[in-house]
Amino acid sequence: MPDHRTAKAATAPAWLPADPRRRTLGAARACYELHGTLATPRHATTLGVAVGQWGSG
């Protein structure tokens with residue numbers, strides 16, 4: 001890793017929350033692995049994320 005990236009990573013605040021898009025994408029992947037489709041009811045949740053609501057929007 002280049003030095004400027006290492007220095008930036010070392011100074012980034014540890015309290016920053018994870019990117020919510022990654023959490024949603026991870027939940028969608030888990031839903032697909034469980035059911036073989038992303039065609040879910042609007043109220044469906046996976047890993048605490050409303051994947052049905054997300055997929056319909």
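Read along the sequence, the protein chain follows the pattern α-α-α. It has three helices and zero strands; helices (H or I, at least four residues) and strands (E, at least two) are DSSP runs, numbered from the N terminus. This is a predicted model, in which local features need pLDDT of at least 70, side-chain atom pairs count only at pLDDT 80 or more, and totals for chains, interfaces and linings use all residues. Residues are numbered from 1 along each chain as its sequence is written, and side-chain values use heavy atoms, with hydrogens and water left out.

**Stop 1: the whole chain, coloured by confidence**

Colour the chain by pLDDT, the predictor's confidence in each residue, from 0 to 100. The average over the protein chain is 76, and 65% of the residues score at least 70. Now select helix H1, residues 3-11: its mean pLDDT of 56 is the lowest among the elements of the chain. Where pLDDT is low, the predicted coordinates should not be read in detail. Helix H2, residues 20-35, has the highest mean, 87.

Next, show the surface. The accessible surface of the protein chain comes to about 4900 Å², and 59% of it belongs to carbon and sulfur atoms; the areas come from the Shrake-Rupley method with a 1.4 Å probe, and for residues only the protein chains shown count as cover. Of the 57 residues in the protein chain, 18% are buried. Buried means under 20% relative accessible area, exposed means over 50%, and partly exposed is in between (1.4 Å probe, protein chains only).

**Stop 2: helix H2**

Select H2. Its 16 residues reach 22 Å from the first C-alpha to the last, close to the 22 Å expected at 1.5 Å a residue; the expected span is 1.5 Å times one less than the number of residues.

Which residues of H2 are buried? They are Thr24, Ala27, Ala28, Ala30 and Cys31. These residues cover an arc of only 165 degrees around the axis, which puts them on the same side of H2; the arc is that of the directions from the helix axis to the C-beta atoms. An α-helix has 3.6 residues a turn, so residues three or four places apart point the same way. Turn to the other side of H2, and Arg21, Arg22, Arg29 and Glu33 are exposed.

Pick Thr24 on its own. This residue is buried, with a relative accessible area of 17%. Leaving aside neighbours within four places in sequence, Thr24 is in contact (heavy atoms within 4.5 Å) with Val49 and Trp54.

Then go past the end of the helix. H2 is followed by Gly36, whose phi is positive, near 75 degrees.

**Stop 3: the loop between H2 and H3**

Select Arg42, which is in the loop between H2 and H3. Arg42 counts as exposed, at 51% relative accessibility.

Move along to Thr46, in the loop between H2 and helix H3 (51-56). Is Thr46 buried or exposed? Thr46 counts as buried, at 7% relative accessibility. Setting aside its neighbours within four places in sequence, its contacts are Ala27, Ala30, Cys31, Leu34 and Val51.

Leu47 is also placed in this loop. It is exposed, with a relative accessible area of 62%. Its phi is near 55 degrees, a positive value in a residue other than glycine. Most residues other than glycine have a negative phi.

Ala50 lies in the loop as well and is partly exposed, at 35% relative accessible area. Ala50 touches Ala44 and Thr45, not counting residues up to four places away in sequence.

**Stop 4**

End at Gly52, in helix H3. Gly52 counts as buried, at 5% relative accessibility. Not counting residues up to four places away in sequence, Gly52 touches Thr40, Pro41, Arg42 and Ala44. Draw a distance from Gly52 to Arg42: the two are ten residues apart along the chain, and their C-alpha atoms are separated by 4.1 Å.
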